[in-house]
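Hello,

Here is the structure I promised to pass on. My notes on it follow below.

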Amino acid sequence: MTDTSTQTKLEDASLKRAGEISIKIREALRKSLPAPPEQFFTVMIPGKVVNFEEYLAPMDVNALLPTRVELAQARLCDDMPALASVQLGPTGRSVARSYATAISKLIPAGTTIGIDEGSNKPLSEDQKRYKQAMAILSSEVPNRDGHTLVELYTLKQKAYTDAVTAKTRAFDEANKIAQKDPSNKTSEAVRAAYDRWVQENSRAYRNAVQAAYMDWVIMGKKEEVEYWFSVVDQDSALARVEQSKETMRWAVVQDADGSGEYQKVVLSPSNWANICKKKALSGTDKTKTVEWYTWEISRLEKQNQMLKVFRSSPPQLEIHKTKDEEISKAEQELNDATTNAIKAEQTLRSTPPSGPEPKDESEKAKWKEADDARQNALRGQQNAQGALTKSREAYDKLKLTVLNSESRDAQNTMFAEISKEDGGFVTTQINENADLIKEYTAAKADLLKQSGTGTGASVFIQELSDNMGIPHALPDPTASQEKTDEDYFTPITVEISSTSDTKSSKQEASSVSFGASASYGAGPWSVDASVSHSQSQAHAEAMSELANAAVRISFECMRVDINRPWLRPELFYDEDLVLGPGGPHLSPGFSKLAALLEGTWKSETEGGQKLEDELRRYSIFPMFPTAFLVACNVVLEISGSTSKLQTIFNTSSSSTSASVSVGYGPFSASASGSYSKSETEASSKCETTASGCRITVKSPQIVGWISQMVPALPRLK
C-alpha cells in the first residue's frame with residue numbers, strides 16, 4: 001500500500017511538472033512562430049508520434065494525393081483541440097461535426113427578400129422595388145403568344161445558346177475531317193485544310209451567332225430582364241449556410257470498406273510528411289553543447305591511444321609462399337589434362353553410335369565390335385573430363401594461395417608505411433586528433449565560461465531582454481543569404497531550471513486539460529501493461545528524477561497549415577446571421593476566450609461565475625485548428641542526478657517485451673527493445689554525459705495545434 005501511495009505521489013508531481021514545462025516550451029514556440037491575436041496555441045502532452053509512411057505525397061507535385069493519404073490526413077486533422085493551453089491526449093470531438101452543429105444554430109437576422117403578404121406593416125422601399133420587379137418579370141408580352149417577359153427571355157437565350165453550340169460543333173467536325181483526310185500527310189497539311197474551311201465558313205457561323213444574340217438583346221429584352229432580376233435575386237445569409245452544408249456532403253473521403261467517412265483537408269506544404277521524414281533521417285542537430293565537446297574529446301583520446309599502440313607494434317600477417325616448381329608442375333598437369341580431354345572428345349566424336357542390335361546372327365559380331373568401340377570412347381571421354389576437373393581445382397587452389405600471399409604481403413607493407421614515426425599516416429592522424437582535442441577543450445572552456453554552470457545564462461538574458469521590451473538583433477545584411485534547399489524548420493532552444501516559480505505553477509494548474517482517450521498516454525509518461533509493478537515504481541522514480549533536473553531542450557519545428565474548403569469561417573462574421581433566441585453561446589470574443597483558455601480570466605462580479613463553468617458555456621465550437629506543429633531532432637541535455645533515468649532507459653532498451661515512454665513536456669522518448677516499423681519510429685537513445693545524460697528523440701512528433709478563434713456569438717453590443 002505504501003509503495004502504491006509513493007508511486008501515485010511521484011506521478012502527480014511528474015504531471016504537475018510536465019504542465020509547467022509544457023507552458024515554458026509553449027512560450028518559446030509562440031516567440032519563435034508568432035501568430036495573430038485571434039489564433040490560439042495548444043501544446044500536447046505527450047506529443048503525437050506519427051508514422052510518416054501513411055502521409056507521404058507523390059514526388060510529382062502535380063500528381064493527386066492517393067486516397068489512403070487523404071484519409072489519413074482527414075483523420076489526423078479532425079480532432080478538436082482541448083479548451084486549454086496544455087492538452088493531455090485527444091478530446092474525441094470531431095471538427096466537422098462540431099462545425100455542422102454550430103452553423104445549424106445560425107438563423108437570419110432579418111428577412112432580406114420577399115414580402116410577407118399577411119403583414120399589415122407598410123412596405124419598405126426595398127420591398128416595393130421587389131414587388132415591382134416581380135410584377136414586371138411575370139407580366140405577359142403583347143403579341144408573343146402569351147409568353148411572360150421571363151419566358152420570352154429564356155426562349156431567346158436558348159436560341160443564342162443553340163447557335164453557339166452549332167458553331168462549335170461545326171468547327172470541331174471540320175477539324176476531324178481534315179485529320180482523317182488521307183491526302184493530308186503531315187500536321188501542316190491538316191492545319192492548312194482546316195484553315196481553308198474556316199476561311200470559307202466562319203463568316204456565316206459568326207453572323208448566325210450575332211443574329212441570335214441581337215434577337216436576344218432586343219426582342220428578348222435581355223438588359224431589362226437582367227436588371228429587374230437582380231432586384232429579386234438577392235443572396236440570403238441562410239442560403240450561404242446551406243451551401244456550406246452541401247459542400248461538406250461532397251467533400252468527403254471514405255474508409256476502404258465504406259464504414260466511415262471524413263471531411264477532406266488540404267495541408268500546406270502538401271509534401272509535409274516527405275519533408276519531416278527527410279529531416280528526421282538527416283538528423284541535423286547544429287547545437288554544440290558542453291556534453292558534445294566532452295563526448296568528442298573522450299572519443300578522440302581513446303582513438304589516439306589505439307593509434308599509438310598500432311604505431312609501436314604494427315600487425316604482421318603470416319605469409320605462406322608457394323614454390324615456383326609447384327606452380328609449374330600444377331600448370332603442366334593442367335595442360336596435359338586439357339590435351340587428353342580434347343583427344344578423348346575427338347575420339348568420341350569420330351566413333352559413331354552402334355545403333356540397335358541386329359536380329360541377323362551374321363551381323364551381330366560386327367555390331368558388337370562397333371558397340372564396344374563406342375563404349376570405350378565414351379568411358380575415355382568421361383575419365384579425361386574427370387582428370388581435367390581435378391587438375392583445374394588443384395591449379396586454382398594453388399593460384400589462390402599465391403594471391404592470398406601477395407595480398408598479405410601488400411598489407412604488411414602498408415602497415416609498415418602508415419606506422420612510420422616520421423610522415424606516416426598514423427602519426428599524422430594522431431597529430432590531427434591532438435589538435436582537435438586542444439580546440440574542443442578550449443571551446444568547451446569558453447562555453448562553460450559563457451553559460452556559467454552550463455544552463456540557462458544566454459536564454460535567461462534573452463528572456464529578460466524580451467520582458468524589458470528590448471528588440472532582437474536585426475539580421476546581418478552582409479551575411480550570405482545563399483541556401484541550397486528551402487528549410488521549413490525553425491530551430492528552437494529552451495532551458496529549464498530545476499526549480500520553477502509559483503506563478504507558472506498556478507497557471508499550469510488552471511490551463512491543463514485531460515483528453516478523452518486514456519490509451520493515448522497517461523499524462524507525461526506511460527508504461528506498457530506488460531511491465532511489472534517494480535518496473536512501474538522504478539519508472540515513476542526515474543520520472544521524478546527527470547522532473548527535478550535542469551534540462552536544455554533543442555529541436556527544430558515546422559508549421560503545417562490546414563485548409564478546409566468546406567469550412568466557411570466568414571459565416572461567423574456575417575452580420576446577417578445570428579444565434580436563435582435562447583440558443584447556445586459559441587464564443588465570447590477573442591480576448592475573453594483567450595483569457596479563459598489561458599486560465600487568467602476572472603469574473604467581474606464578486607462570487608460570480610467560476611472559470612470552468614464560464615468556459616463550459618462555449619464548448620460547441622469556440623475555435624477550430626488551422627495548423628499543427630511538428631518537432632524533429634529533439635535533444636534533451638539533462639544536468640543533475642540521472643542514474644535512475646539511465647537505468648530504466650537502458651533496461652527497457654535491452655528488453656524484448658517491455659516498453660517505456662519517457663515524457664518531458666510534449667516530447668515523448670520511447671525506450672523499447674521491440675521491433676520498430678520504420679526508421680522514423682526508431683527508439684530514442686540515452687547517452688551518459690559529463691553533467692548527466694543526453695536523450696535524443698529520433699521520432700518526429702506533433703507537439704501542438706494552432707486554432708482560429710470564432711468571433712463573439714451572440715454578437716457583442
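Residues 514-533 keep a pLDDT under 50, although the model gives this stretch 47 contacts beyond four places in sequence. This is a predicted model, and where pLDDT is low, the predicted coordinates should not be read in detail.

For the chain, the mean pLDDT is 78, with 79% of the residues at 70 or more. A further stretch, residues 500-510, has pLDDT below 50 and 15 contacts in the model beyond near neighbours in sequence. Among the elements of the chain, the lowest mean pLDDT, 40, belongs to strand β9 (residues 526-527), and the highest, 92, to strand β6 (residues 266-268).

The largest nonpolar core has 40 residues, and the members that touch the most others are I553, F555, I638 and I695. Strand β12 (residues 623-639) supplies the largest share of this core, 6 residues. Leaving out residues up to four places away in sequence, I638 touches L546, A549, A550, V551, L645, T689, S691, G692, C693 and I695. There is also a second, separate core of 23 residues, with V50, I275, M558 and V630 among them. In soluble globular proteins, nonpolar side chains tend to be buried together.

On the surface, M214, I218 and M219 make up a nonpolar patch whose accessible area together is about 280 Å². M219 sits in the loop between α6 (187-218) and α7 (222-232). Its relative accessible area is 32%, so M219 counts as partly exposed.

Regards

Note on methods:
Residues are numbered from 1 along each chain as its sequence is written. This is a predicted model: local features need pLDDT of at least 70, side-chain atom pairs count only at pLDDT 80 or more; totals for chains, interfaces and linings use all residues. Side-chain values use heavy atoms; hydrogens and water are left out. pLDDT is the predictor's confidence in each residue, from 0 to 100. Helices (H or I, at least four residues) and strands (E, at least two) are DSSP runs, numbered from the N terminus. Contact means heavy atoms within 4.5 Å. A nonpolar core is a set of buried Ala, Val, Leu, Ile, Met, Phe, Trp, Tyr and Cys residues joined through side-chain atoms within 4.5 Å. Buried means under 20% relative accessible area, exposed over 50%, partly exposed in between (1.4 Å probe, protein chains only). Patches are made of residues with over 30% relative accessible area and no salt bridge: like charges are joined within 9 Å, nonpolar side chains (Val, Leu, Ile, Met, Phe, Trp, Tyr) within 5 Å. Accessible areas come from the Shrake-Rupley method with a 1.4 Å probe; for residues, only the protein chains shown count as cover. A salt bridge is a side-chain nitrogen of Lys or Arg within 4 Å of a carboxyl oxygen of Asp or Glu.
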